[in-house]
Amino acid sequence: MAQRLLIADDDNEIRELLEFDLSHSGYEVDSAKDGEEALQKALKGNYDLILLDVMMPKMNGFDVCKNIRSSKPEIPILMLTAKGTITDKTQGFDSGADDYIVKPFDIQEVLLRVRALVRRSPSSKSNSIKQEILKIGDIEIFPDSLETEVKGKRIKLTPTEFEILFCLMQHFNNAVTLAVLLNEVWGYNSDDDVRMLRVHVGGLRQKIEQNPKIPEYLQTVTNVGYKLTPFGEETD
C-alpha cells in the first residue's frame, strides 16, 4: 500500500511539481491550496507525511503546524518555504516541524528528506525494529504511541523527538556525535542541519527534564554531541 502525503502550498507551479515527482516516486499524493484546507485535510485524513508551505492564504503554515501537532503529534511534518532565516527556521521547529527546506529547492533533496521522514510514520514497515518497549533507568519509551515515561510521568513526543531519544537510548551513557545523530534521525548528515538538531534537543529537554537548563538526563558533550544518562546525573 502506497504511503500517503499531503502537500499544502498556494503556488500552483510548486504544488504541481511536487505532486508529479512524489507520485512518480510511488507515493499517493493529496494537496491543499491554503492553510485552512490543509488543516482540515490533515485532521480528517490519514497521512504518512505533510509537506507544508509557510506563507499561505487564510492560515499560515506555522499555525497549521501547531494545530496538526496538537491533534496528531505522530505525523511527520516537512516545511517548504522561502522564509529561510535562522529565526524563521527556529519558529518552524518550535511550531512542531520535523524538517525544513528553503525555496528554491532541489527536488532530489526533497525526495531524500521525504524518504527519511516517512520511515518515522507509524504505518512504516521500517519502524518494526522499534516496536518493543524499551526501559533503561528512569526512562521508558513506547514506540507505538511515540511516548516516553520518565519517573512515572507519561509524555507525548513528536516523531523527531522520539527518534532522537531512541538513538540516544541505544548508546546510553556514551557520547553520540552530531554527525551520527543527524544520520540516524534524518538519514543524512549535513553541517547546515546542526541548528535543527539542537532545536529539537531543546524541545526534548523541555519535556523530559525537571529543569531543562540543568539537564539531568540529556547531557551536552562539548565539541562532540550528546549523551543520555537514563539513571540521572547531576551537572556542575
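K58 is an exposed residue with a relative accessible area of 61%, and this value, like the others in this report, comes from a predicted model. Its partner in a salt bridge is D34, and the closest N and O atoms of the two residues are 3.8 Å apart. D34 lies in the loop between β2 (28-32) and α2 (35-44), while K58 lies in the loop between β3 (49-52) and α3 (61-71), so the pair ties together parts that are 24 residues apart in sequence. D34 has a relative accessibility of 11% and therefore counts as buried, because buried means under 20% relative accessible area.

| Salt bridge | Closest N and O atoms |
|---|---|
| R69 and D98 | 2.9 Å |
| K207 and E161 | 2.7 Å |

The salt bridge between R69 and D98 links distant parts of the chain, since R69 sits in helix α3 and D98 in the loop between α4 (86-95) and β5 (99-102), 29 residues apart. Both R69 and D98 are buried.

In the salt bridge of K207 with E161, K207 belongs to helix α8 (residues 194-208) and E161 to helix α6 (residues 159-170), so this pair ties together parts that are 46 residues apart in sequence. K207 is partly exposed, with a relative accessible area of 28%, whereas E161 is buried, with a relative accessible area of 7%.

Methods. Residues numbered from 1 in each chain as written. Predicted model: local features only at pLDDT ≥ 70, side-chain atom pairs only at ≥ 80, totals over all residues. Heavy atoms only, no water. Salt bridge = Lys/Arg side-chain N within 4 Å of Asp/Glu carboxyl O. Helix = DSSP H or I, 4+ residues; strand = E, 2+ residues; numbered from the N terminus. Buried < 20%, exposed > 50% of the residue type's maximum accessible area, 1.4 Å probe, protein only.
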